[in-house]
Each structure stands twice: as C-alpha cells, then as structure tokens.
Amino acid sequence: MLNRLNEVNIKTKISVLLLLFAASVLCLMLGSYLRAYTNRDIYRFLYWNMFLAWMPAGFAMLMDWIYVYIQKNRGLRVILFIGAGILWLLFYPNSAYLITDQLHPFVKFQSEYGMRFWQGIEFWYHLLLFFSAAVIGLLLGVYSMLSVQELVRRSFGRAKSWIFAVVTLALTSLGIYLGRFIRWNSWDAIRSPQQIVHEVLTMLTDVQELRRMIPFTGIIMMILLFSYLIIVGFSMMRQQK
C-alpha cells in the first residue's frame, strides 16, 4: 500500500514537472524571438542557466526513485541516496540563481536616443523574459525542496526536516552570492572544493566583502524562505479541503 502511494506521488510530481518544462520551453522561445526581433545574438547563456536550474529537480526525482524502488539492498540504497543528495545540494542554488539574471535587461537593452528605456516595448520583452525565467527557477527550487524535505521528514521527523530546509535555503543564498559576485559555480565545488572553502573563509574576514554579502544573502534568503512558506501554506490548505 505504501509503495502504491509513493508511486502515485511520483506521478503527481511528474505532472508538475511537465508543466514547468512547458513553461521553460516557452521562456526559451521568447528568448529566441527576442534575438530575431532585435537581430542581436543575445541571451544564449539562458539555455545553460535553465539547464542548471533543472538539475536539482532531476536529482530530487532520482532520490524519490531510490527511496521507492530500491528496498531490498539497504547498503546500495544508502550510498545512492547520499550521493544524489550531495549532488542535489551542490546544484540547488542554480534554480534560484535565475532571480539574479534579471540584471541583464538593464545591461543589454539599447534604448533609442532621447527615449526613456521603459517607454520602448522591446525593453519589456527583455524584462519579461528574465522575469519568467526567475519565476520558473523559483518554482523549480520550491518543487525540489518540497520533495527532498518530505524524504527528510519521513526519515528524521518534521522538526528536523524544517531545520534542514531553512539551513539549505541559507546555504543557497550564500551560493547565489558566490555565483553572482565571485563567479563560482556548482562544478567548481566538485573540481576545487578546497579553493572554495578558502575563498569563503577569506570573505568572512573581509569587512568590505561582508558589507556587500550580508545584505544580499539576507534579501535572497527572505525571498526564498517566504516563497517557500507561502507555497507550502497553499499546499496545506488544499490538503485540508
């Protein structure tokens, strides 16, 4: 019976992911349209950033699959689960990182002489492209956090699952800062973990860096936490009906 419920849960998650995938395709199509509209080769990096934003969702689904279908070999199950969990944590900041890409319209948009930038319809194409990407990234992050937190709750209880969620969102905010300002990415955490640890420790002793890091990570943390709590709240309201 429990496996049956788990399988139904996975099918529901797949349905949600299909909707997010359709939204991602439409977002990238808007980017393609914008390149044709402006006759400029811009924003191709969004393909890569969107791919990275999807990776945590993929790892979350892998963890679900391991949890549901690998039951007999406990040792293998633990090893695979821990490996997938570490990869999920490393790549999780890439989803919300799309929020910070909203700076690009203000950099790339070229307004006509004498016209305020927001008066041109083209600027809104630029802005809506990255706003859409930011919303998709935020929803992908919420989706995978909900999925992984549920697995933590089943294993360790509700209180610890919420501690896990809050700590992860705090680390994610720091990760986004490292990605946007220091230009580290998830691959670097795999290739050069010692260098990243050294960089973070150096930052924590640099007063000027802290003056920039603390407000930025604090704002991102609040955005992620309140977005997550609001969606969790709506989910609980739906379950009570």
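**Close-up views of a predicted helical protein**

**Figure 1. Helix H5 and the setting of His104.** His104 lies in helix H5, which covers residues 104-108. The model shown here and in the following views is predicted. His104 counts as buried because its relative accessibility is 14%, under the 20% limit for burial. Setting aside residues up to four places away in sequence, His104 touches Tyr43, Phe45, Phe109, Phe130 and Arg180.

**Figure 2. The aromatic pair of Tyr43 and Phe130.** Two of the residues that His104 touches, Tyr43 and Phe130, also form an aromatic pair with each other. A search of the whole structure finds 17 aromatic pairs. In the pair of Tyr43 and Phe130, the ring centres are 4.7 Å apart and the planes make an angle of 85°, an edge-to-face arrangement. Which parts of the chain does this pair link? Tyr43 belongs to the loop between H1 and H2, whereas Phe130 belongs to helix H6, 87 residues apart. Tyr43 and Phe130 are both buried.

**Figure 3. A cluster of tyrosine rings.** Tyr33, Tyr37 and Tyr125 are linked into a cluster by ring pairs.

**Figure 4. The largest nonpolar core.** The largest nonpolar core of the protein contains 60 residues. Leu46, Met50, Trp88 and Leu169 have the most contacts inside this core. Helix H2 provides the largest share, 14 residues.

**Figure 5. The surroundings of Trp88.** Trp88 is one of the core residues with the most contacts inside the core. Which residues does Trp88 contact, leaving aside its neighbours within four places in sequence? They are Pro56, Phe59, Ala60, Met63, Ser144, Met145, Val148, Phe164 and Thr168.

**Figure 6. The whole protein as context for the close-up views.** The protein has 10 helices and 0 strands. Its C-alpha atoms fill a box of roughly 70 × 45 × 35 Å along the principal axes. Of its 241 residues, 41% count as buried. Among contacts between residues at least 6 apart in sequence, 76% join residues at least 24 apart.

Conventions. Residues are numbered from 1 along each chain as its sequence is written. This is a predicted model: local features need pLDDT of at least 70, side-chain atom pairs count only at pLDDT 80 or more; totals for chains, interfaces and linings use all residues. Side-chain values use heavy atoms; hydrogens and water are left out. Helices (H or I, at least four residues) and strands (E, at least two) are DSSP runs, numbered from the N terminus. Buried means under 20% relative accessible area, exposed over 50%, partly exposed in between (1.4 Å probe, protein chains only). Contact means heavy atoms within 4.5 Å. A nonpolar core is a set of buried Ala, Val, Leu, Ile, Met, Phe, Trp, Tyr and Cys residues joined through side-chain atoms within 4.5 Å. Rings of Phe, Tyr and Trp (its six-membered ring) pair if their centres lie within 6.5 Å; planes under 30 degrees apart count as stacked, over 60 as edge-to-face and the rest as tilted.
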